[in-house]
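User: Can you walk me through some local features of this one? I'd like the cut-offs along the way.

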Amino acid sequence: MSEITETSAGAQAGQQAGASWRFLKNHLREYGILFALIAIMAFFQIATGGILLKPINLTNLVLQNSYIVIMAIGMLLVIVAGHIDLSVGSVLGFIGALAAVMIVNWGMPYLLAGALCLVAGALIGAAQGFWIAYFRIPSFIVTLAGMLVFKGLTLWLLAGQSVGPFPPQFQLISSGFVPDFLNMAGFNLFSFLIAFAVAAGLSWMAIRNRAAQARTGTPEEPFAFFIFKTLLIFGGITYLGFLMAGFRGLPNVFIVMALLIAVYSFVTNRTTTGRRLYAIGGNEKAAMLSGINSKRLTFLTFANMGMLAALAGLVFAARLNTATPKAGAAFELDVIAAVFIGGASMAGGVGTVVGAVIGAFIMGVMNNGMSILGIGIDYQQVIKGLVLLAAVIFDVMNKKKG
């Protein structure tokens, strides 16, 4: 009897191991980028002698990549819908120039100017989305034209010269930090509590989602994987929050990024609009036959991209404290690379907001780590290009296996 029990237990363990292996193979994309980020951070932490995770460097890492992360969230939606936007870098530069002219030259209140800039960005995205959605002009061509147009308009608006500085209140968008309302000497306790609350909230949402899956059937993700991933995310966010709290606390732009990630993750995962967007990217004809208005959704996706590019333009201008004619040059390449490295598919219909953010930070950590090590910009570009190529090759090979 005991032999039968041992045999059945062994068979059950074998089945669980097989199920775990199949799950990992099917979700290699999303787990792979998380492990890649951890491995890259560990490598540069060792290679730089511990400089990478110093509080001041972590803060700089967040500030340096904030505008890339903001645009990567919008770009993810564009790529999931089966399109591309090459104009985001130029739109960022143009909006920064527009903000500088309104605030510095015209003396407009910075809050009003910021709101008008966001509206202008949305209108720019809507104008491009109109031709793409309703006239079926390829997004590559429309946004390539937009890239050239807004580069020229930025030069015209600034008359070829830098405009600045901005008022100190406007600069706080990018250079300000969450104040410590608890007044603890040498440690921003309030910022740490925010980071801890974010980590706890994400963990609680993950637990609730798994409980909901358990009520309707067996959760697809093995329990061991779920526990490991949840503890890893909770521990990572809490630890990074602790490190930054020891310096000046969380930057204001970190809060902006956290809110955007939360909102867009909810939209893509939990709303009908999000599911329809993935359906369009997966098979637009089938989506249209099922009653989805793909034209309107594509139009809104580009309008949203324009608004987020405008927000990134305000953040970038505030960080530089000036608007320059060359602002945003080649940013679109970093943004698109971040989304593809983060697991999005070239064909559309695949990708997550969190994946795009992780992809952006992979690029950011590589840039930061290589700069600390004194690696030249020439080699940095080569390495980044090879990483992007590897991510796309992985996507193609993964699809062939499937």
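User: Is helix α14 (residues 331-341) mostly buried or exposed, and how many of the residues are buried?

Analyst: This is a predicted model, with residues numbered from 1 along each chain as its sequence is written. Local features need pLDDT of at least 70, side-chain atom pairs count only at pLDDT 80 or more, totals for chains, interfaces and linings use all residues, and side-chain values use heavy atoms, with hydrogens and water left out. Helices are DSSP runs of H or I with at least four residues, numbered from the N terminus, and buried means under 20% relative accessible area, exposed over 50%, partly exposed in between (1.4 Å probe, protein chains only). The rest of the structure largely encloses α14, because the buried residues number nine of the 11.

User: Which residue just after α14 takes a positive phi?

Analyst: The helix has buried residues including Val339, Phe340 and Ile341. Just after α14, a positive phi of about 105 degrees is taken by Gly343.

User: How far apart in sequence are the parts that the Tyr134 and Phe299 pair ties together?

Analyst: Rings of Phe, Tyr and Trp (its six-membered ring) pair if their centres lie within 6.5 Å; planes under 30 degrees apart are stacked, over 60 edge-to-face and the rest tilted. That rule gives 19 aromatic pairs. Tyr134 and Phe299 make a tilted one, because the centres are 6.1 Å apart and the planes stand at 55 degrees. Tyr134 is in α5 and Phe299 in α13 (residues 294-320), so the parts tied together are apart in sequence by 165 residues.

User: What kind of pair do Phe181 and Phe190 form?

Analyst: Phe181 counts as exposed at 56% relative accessibility, and Phe190 is partly exposed at 27%. Their ring centres lie 5.0 Å apart with 85 degrees between the planes, and the pair is edge-to-face.

Notes: Helices (H or I, at least four residues) and strands (E, at least two) are DSSP runs, numbered from the N terminus.
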